[in-house]
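Let's take a quick tour of how two protein chains meet. Have a look at the model first, then go through the points below.

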Amino acid sequence: MTYGGGDAAREPQLDSQNTLKPRISTTTNQYGHAVSRISVTQILEATGFEHSYRRPIDALADVLLRYISHVGKLSVSYANMSGRIQCNVFDVILALEEIASVHGFAGQSDPNHSLSSSGVVLDLWRVVGKGREVPFAGSIARFPVTRSRQAETSQDTENEVEWGHIPDWLPSFPDPSTYINNSVSNESSVPRKQMERPHFSFRKFFSVNGSDGFAPIGHTNVERENEIVQRNPYLVPPLPHRERQVSDMTIPSERKAVSVFETFAPVIEASGGEIVEERGVISNKRPAVRFRIGVGTKSMSKMLSLRDTGMKEDLWTVKEEEMDSKKRRAEMILKESMEKPNELAQL
Amino acid sequence: MMSGSGNSSGAASTAGADGRHDDDAALTEFLSSLMDYTPTIPDELVEHYLGRSGFNCPDLRLTRLVAVAAQKFISDIASDALQHSKARVAAPIKDNKSKQPKDKRLVLTMEDLSKALREYGVNLKHPEYFADSPLTGTDPPTREE
């Protein structure tokens, strides 16, 4: 049988008749497609065709591969529906029946028909029984062929440990000297060409803060690592309990009135008791800072009145006159804020 | 009545069981005969494409079964295309002025194949023309000249 010869091209090309060749298949399918083309040609010859164009043969080869994939997919789906992952003969028969249902087969109308004696199986038996065998021209090996992984260097084979749980097709681990800081490891094991010095120096960047956590690979040893750990406060291991004595902190209660006189008693004694308990002595030493929250003169007058009355009203302790000026200011602001919403309500 | 119907169903079930047994035996015989028959489509090709679809079965007989089914499928399409081709060759020639006699060679063309595939639910359409020039598809007055 003549065949419009020529190998399938990856890219569409113009043949001798100046017609565009169709793009046949992808790289991975080319081998399978070529084999199926040979099978299809043999089947066409057995059917009775003497000649054929290239394109119908390519189309039929594609149809054949799609048919095989379709049968496989249907069989798997039937097996999965039955709760299995491995297909059996009945899954295949059901898949073939589904494909043949478009055309029809004997016994299709009977819903309870036996799968073993299905019309599809009988048709196939008829094909086999005829005995007209046309074996495939030539023999092909199992494909795809898996390339045996060869060790790149002797170093790799030495360092490689046989892990049972890691599949072989994964890439091998990198050289341990690249990620384990070991003083014993030689720098010659990792070629200098492979290591590129970074343009940006992390050491200089972090030297301001004193933390030398980053260091170029291959130049560290155990001592340097300890140095780094000690210098960086975040890398220091935590102290055990009660190693360092820390003074207990006493929190004064809020109710207790802070007596300025008591606090400064030692100072007063040292100065010889010359502090005069006058009303405006301490207050006049530093001018009070008043926050002008209110707008207009009203608030100002209120504030001034408060200032005058504050001194008279807050005489619940004798030492109130000598209160901290900040506290007095805070009280004034509080009072003003209390009265302010009332003002607003009136407005 | 009930017992009678029960008995009859029991008899039918036993008959059915025997029938099923026969069917299974026939299927087993068929599968064993597959090992003696070498399909045109090689096992390696079928195994590869079945594996790509997730078909996982170490039994070679199932692979042969799929190979035989695929071979039958393609041969059915080929025979349908052959019928179309023969019909075209046998058709009376309308134009008696044709110089060349009708080619009696059986050549598989895209036209015959697409007709045959259409019955199997495969849509294979050949492009009518290639629009490689602006005049393609138009009604050119220059051609007749």
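Start with a spot where the two chains line up side by side: strand 2 of chain A, residues 51-52, pairs with strand 1 of chain B in the parallel sense, over 2 bridges. In that pairing, A:His51 stands opposite B:Val107. Keep in mind that this is a predicted model.

**The interface as a whole**

- Chain B brings 60 residues to the contact, and chain A brings 62.
- Together the chains bury about 5500 Å² between them, and carbon and sulfur atoms give 75% of that area.
- On chain B's side, B:Thr40, B:Tyr49 and B:Leu108 supply 12% of the area that chain B buries against chain A, which is more than any other three residues.

**Polar links across the interface**

- How many salt bridges does the rule find between chain B and chain A? The count is 0.
- Polar contacts do turn up, though: 11 residue pairs across the interface are joined this way, with both residues at pLDDT 80 or more.

**Which parts of chain B do the touching**

- Helix 1 (2-34), helix 2 (43-52), helix 3 (60-90), strand 1 (107-108) and helix 4 (110-118) of chain B each put at least two residues on the side that touches chain A.
- Helix 3 of chain B gives the largest share of that side, with 17 residues.
- Sort the residues on this side of chain B by type and you get 37 nonpolar, 13 polar and 10 charged.

**Zooming in on B:Asp23**

- You'll find B:Asp23 in helix 1 of chain B.
- Which residues of chain A does B:Asp23 touch? They are A:Ser114, A:Ser116 and A:Ser117.
- With A:Ser117, the link is a polar contact of 3.5 Å between the two side chains.

**A helix in chain A**

- Helix 2 of chain A covers residues 54-81, so to speak 28 residues in a row, and spans 41 Å from its first C-alpha to its last.
- That span is close to the 40 Å expected at 1.5 Å a residue.
- After helix 2 of chain A comes A:Gly83, which has a positive phi, near 85 degrees.

Note on methods: Residues numbered from 1 in each chain as written. Chains lettered and ligands numbered in written order. Predicted model: local features only at pLDDT ≥ 70, side-chain atom pairs only at ≥ 80, totals over all residues. Heavy atoms only, no water. Contact = heavy atoms within 4.5 Å. Buried area = accessible area lost by both parts, 1.4 Å probe. Salt bridge = Lys/Arg side-chain N within 4 Å of Asp/Glu carboxyl O. Polar contact = N/O pair within 3.5 Å; in protein donor to acceptor, adjacent residues only side chain to side chain. Helix = DSSP H or I, 4+ residues; strand = E, 2+ residues; numbered from the N terminus. Nonpolar A, V, L, I, M, F, W, Y, C, P; charged D, E, K, R; others polar. Pairing = 2+ DSSP bridges. Expected span 1.5 Å × (residues − 1). Lists of a residue's contacts leave out its neighbours within four places in sequence.
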